[in-house]
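Here is a short briefing to read alongside the model on your screen. Shall we take a walk through it together, topic by topic?

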Amino acid sequence: MSFTRREILTTSGALAVGEMMLADAIAADQNPGAQGVDRSSTIRIKSLTATPAGTKAFVKIETNHGITGWGEIDQLEPQVGAALARSMFELLDGENPTRVEYLWQKLYRAHRDMRGGPFMVHTIAAIDMALWDITGKLWGVPVYRILGGPTRDKIRIYPSAKAAKPGANPAEFCGTAAEIQRYVDYIAGERKRVGPDGIVMFDAHCALPPPFLLQLASALNAADIAFIEEPAVPGNIEVFKRLKQSIKIPLATGERDRTIWEFLPYLTERCIDVLQPDCAHCGGISQMKKIATLAEAFHVPIAPHSVTTDLGVSASLHVSASVPFFLIHEYYPQLTPAGLIKKNWNVDKDGYASLPQGPGLGVEIDEAKLEELAKKTTQGGLAHPGSIERWIDIGLLILKTNC
């Protein structure tokens, strides 16, 4: 059989196109991104609600399977945080909520000029909590079970009868003998109260000038203090290095740092002994777990910071339960409005929290109470304990100390 030149070219072109289509099909089938789609589950995100209430904002994510997850936005102006969460929903709509890491990265990397910072990361943290909550509920287990399981059966918290954290108040400091002695006596009083088997931590609140902190640390008995928290304002690692070289008491920081990328310099420069990630600030459960693992590699324990309601605290406790290098966890029950949150863990008389029980984060939100609080917030009925005017005054005092 003979073919004309045109027929040969036509046939060859068709074969080439067919081979290309086959190659594309094979490539798609072997594409790791395409394979990441969970074809065995039909659960999808269908809505997100963000509700400002008091000084917080609460994020609710709903799915087509009727499973709901909750998260908390902390240390942002609540209306702004809620609005940002709502705007991020377009990146979540229709997604499988159990792809938590993928969705975290999608949110964080979606806008290269907005990446990082408190507004984005605190909001992502709340969404991340809600996604883990959904995932745990879907699989019928507490979140710490899918983080590798618990490494302890209870979690030490402060403040308690056996754990205290006296702190510095922003003021003008001259480093006089009287000023130093006042802090020495203050700390000594807390040490006496908790006893020799108790733990005392001193919070410098980034409010003490480095020269004053050096004087104070030299006047303290190192065995009386577990660590000095926030010895300097984050942002200049050289200050932390200078303090670490001169102070024999362990140093701790982290509540105002976000993601693994901001925590890493403390470890590589060996200038911090204890990391204090806040689940609601550092990027949620996903980032807090990574930060703890990063710290473990440098033999640095975590002592999580937390000034959230029981919702955010519960999320943080799940991570704390799952990591090996852990000291103590911050918790203030008075920050949770009465009747808003039902949790299934408690704190005993010795200052230990039980592990959260039940699927997901192990908390229930009274949505009627949340709506009531939201109305009071809109009407100005709930005062912000850290008003803008107050923080401006504090900032000016710190400025005077050259901190």
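**Contacts and overall make-up**

Of the contacts in the protein between residues at least 6 apart in sequence, 70% join residues at least 24 apart, where contact means heavy atoms within 4.5 Å. Please keep in mind that this is a predicted model: local features need pLDDT of at least 70, side-chain atom pairs count only at pLDDT 80 or more, and totals for chains, interfaces and linings use all residues. Residues are numbered from 1 along each chain as its sequence is written, and side-chain values use heavy atoms, with hydrogens and water left out.

- The protein has 15 helices and 13 strands; helices (H or I, at least four residues) and strands (E, at least two) are DSSP runs, numbered from the N terminus.
- Buried residues account for 50% of the 403 residues. Buried means under 20% relative accessible area, exposed means over 50%, and partly exposed lies in between (1.4 Å probe, protein chains only).
- The accessible surface comes to about 19000 Å², and 56% of that belongs to carbon and sulfur atoms. Accessible areas come from the Shrake-Rupley method with a 1.4 Å probe; for residues, only the protein chains shown count as cover.

**Nonpolar cores**

- In soluble globular proteins, nonpolar side chains tend to be buried together.
- The largest nonpolar core here holds 100 residues, and Leu208, Ile228 and Leu275 have the most contacts inside it. A nonpolar core is a set of buried Ala, Val, Leu, Ile, Met, Phe, Trp, Tyr and Cys residues joined through side-chain atoms within 4.5 Å.
- Helix α5 (residues 117-139) gives this core its largest share, 10 residues.
- A second, separate core has 11 residues, among them Ile199, Met201, Val307 and Ile328.
- Leucine 275 is worth a click: leaving aside its neighbours within four places in sequence, its contacts include Thr253, Phe263, Tyr266, Leu267 and Ile291. The list also includes Ala295, Val300, Pro301, Ile302 and Ala303.

**The five-stranded sheet**

- An open sheet of five strands runs in the order β5-β6-β7-β8-β9, with parallel pairing; two strands pair if DSSP finds at least two bridges between them.
- β5 and β9 (274-275) stand at the edges with a single partner strand each, so one side of each is left without a neighbour in the sheet.
- β5 and β6 run parallel and are joined by two bridges, and alanine 164 stands opposite valine 200 in β6.

**The three-stranded sheet**

- Another open sheet has three strands in the order β10-β4-β12, with mixed pairing.
- β10 and β12 are the edge strands, each with a single partner strand, so one side of each has no neighbour in the sheet.
- Strand β4 (residues 154-158) pairs with strand β12 (residues 352-354) in the antiparallel sense over three bridges. Arginine 156 has tyrosine 352 as its bridge partner in β12, while lysine 154 stands opposite serine 354.
- β4 also pairs with strand β10 (residues 329-330), in the parallel sense over two bridges; here isoleucine 157 stands opposite histidine 329.

**Aspartate 203**

- Aspartate 203 lies in strand β6 (residues 199-203) and is buried, with a relative accessible area of 3%.
- Its side chain makes a polar contact with the side chain of lysine 165 (3.5 Å). A polar contact is a pair of N or O atoms within 3.5 Å; within protein, one must be able to donate a hydrogen and the other to accept it, and residues adjacent in sequence count only if both atoms are side-chain atoms.
- Not counting residues up to four places away in sequence, aspartate 203 touches Lys165, Pro166, Gly167, Ala168, Glu229 and Glu230.

**Aromatic pairs**

- A search of the whole structure finds eight aromatic pairs. Rings of Phe, Tyr and Trp (its six-membered ring) pair if their centres lie within 6.5 Å; planes under 30 degrees apart count as stacked, over 60 as edge-to-face and the rest as tilted.
- Tyrosine 108 and tryptophan 261 form a stacked pair, 5.6 Å centre to centre with 15° between the planes.
- This pair links helix α4 (residues 100-109) with helix α10 (residues 259-268), its two residues being 153 residues apart.
- Tyrosine 108 is buried at 8% relative accessible area, whereas tryptophan 261 is partly exposed at 42%.
- Phenylalanine 173 and phenylalanine 212 form a tilted pair, 4.8 Å centre to centre with 40° between the planes.
- Phenylalanine 173 sits in the loop between β5 (163-164) and α7 (177-194) and phenylalanine 212 in helix α8 (residues 210-219), so the pair ties together parts 39 residues apart in sequence.
- Both phenylalanine 173 and phenylalanine 212 are buried, and ring pairs link Phe173, Tyr183, Phe202 and Phe212 into a cluster.
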